[in-house]
Amino acid sequence: MSISFDNQRPIYIQLLDFFRAEIVSGSLSPGQKIESVRELALKYGVNPNTVQRALGELEHLNLARSDRTRGRFVTEDDEVIQQLRLDSAQQITEDYIQAARNLQISLDDALSLVKKLWDDQEGGKE
Amino acid sequence: MSLIEIRGLSKNYGHVRALDYLDLNVDGGRIVGLAGPNGSGKTTLLRILGAFDTAYSGDVSIDGLKPGRETRAITSYLPEKTALSDWMTADQAIAVYKDFFADFKEDRAREMLEFFKLEGSQKLRQMSKGMQEKVQIMLVMSRDARIYLLDEPISGVDPASRKSILRGIIGQAGEDSLVLVSTHLISDIEPVLDEIIFLDFGRVILHEQADKMRAERGQSLNEAFEEIYA
């Protein structure tokens, strides 16, 4: 898995967003050990201090915790992860609403389109 | 005190002013880019920091010392043009470096050789340009130095090799060491940098944290570069 960075935005924020997405999707599961700063820097081809900063923010948001001897781990607190999920959903929904308004679509049309596609995708999965 | 402190550094080549009362402080523990058009003073500055050029005016301090024999022992310098003989194999080049530098770590060199997928028995002249550049980086980064001065390490190298050279630099730089890397290929190198320094006409015209610059300007370092030097 590699990340393609947008060099116009601070890279630590993009790394932080990436880790948040990995936690929400379960790619990084609760309690999982996070790779070392050096490993992550090498893997994604970014500055180690930038990785350190992103992981520091992740801890600050209670999404990860450090153990002095054992390393850094994803939180096991379901509530924190669920909150992150809701925050992410809210962000995506706000972006969608903005885009839909720009298209001059009514709320009813937007909702029925969401409903239809939601069901279609659900069906497609099975 | 910063690892590198420079005050009023000037250097002339005949009537050409290469560095013009340049002031600069750089701390350790980071990877710093040195950018600027041709002739802006990048190579001259790196040569002075590497103690390969002592004919200058102004004050230069490296870990509290004037550039010279003592600072050369803690400074690993990659020149723009290689000094290695092309009849050598990578193994022989490693042996030369091991003899020459007390802080050379052969295990690191072997590790990087493997990382770069190079054969120790291959002669440099049988290698592609990208492979030769990798050998150079392997040698320079295998020293346990405080300061690495890399002059255009990725120019003239294919994109895949650039990527792996940059990863080689990330992987080997120590936690307290400084990597100062000059380049005109900013877009390739910018995710790797903590800080960027822009030189023009022998002076520092901008010195900023990379992410801070992106946040404040909403631009990549490369775009900022193109705008500033337009």
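**Selected residues of chain B**

At 4% relative accessibility, Ser10(B) is buried, where buried means under 20% relative accessible area, exposed over 50%, and partly exposed in between (1.4 Å probe, protein chains only). This is a predicted model, in which local features need pLDDT of at least 70 and side-chain atom pairs count only at pLDDT 80 or more, while totals for chains, interfaces and linings use all residues. Residues are numbered from 1 along each chain as its sequence is written, chains are lettered from A and ligands numbered from 1 in the order in which they are written, and side-chain values use heavy atoms, with hydrogens and water left out.

Q: Which residue does the side chain of Ser10(B) join in a polar contact?
A: Ser10(B) lies in strand S1 (residues 4-13) of chain B; strands (E, at least two residues) and helices (H or I, at least four) are DSSP runs, numbered from the N terminus. A polar contact is a pair of N or O atoms within 3.5 Å; within protein, one must be able to donate a hydrogen and the other to accept it, and residues adjacent in sequence count only if both atoms are side-chain atoms. At 3.2 Å, the side-chain partner of Ser10(B) is Arg17(B).

Q: Is Glu152(B) buried or exposed?
A: Glu152(B) lies in the loop between strand S6 (147-151) and helix H6 (159-172) of chain B. With a relative accessible area of 7%, Glu152(B) is buried.

Q: What is the phi of Phe201(B)?
A: Most residues other than glycine have a negative phi. Phe201(B), in the loop between strand S8 (195-200) and strand S9 (203-209) of chain B, has a positive value, near 50°.
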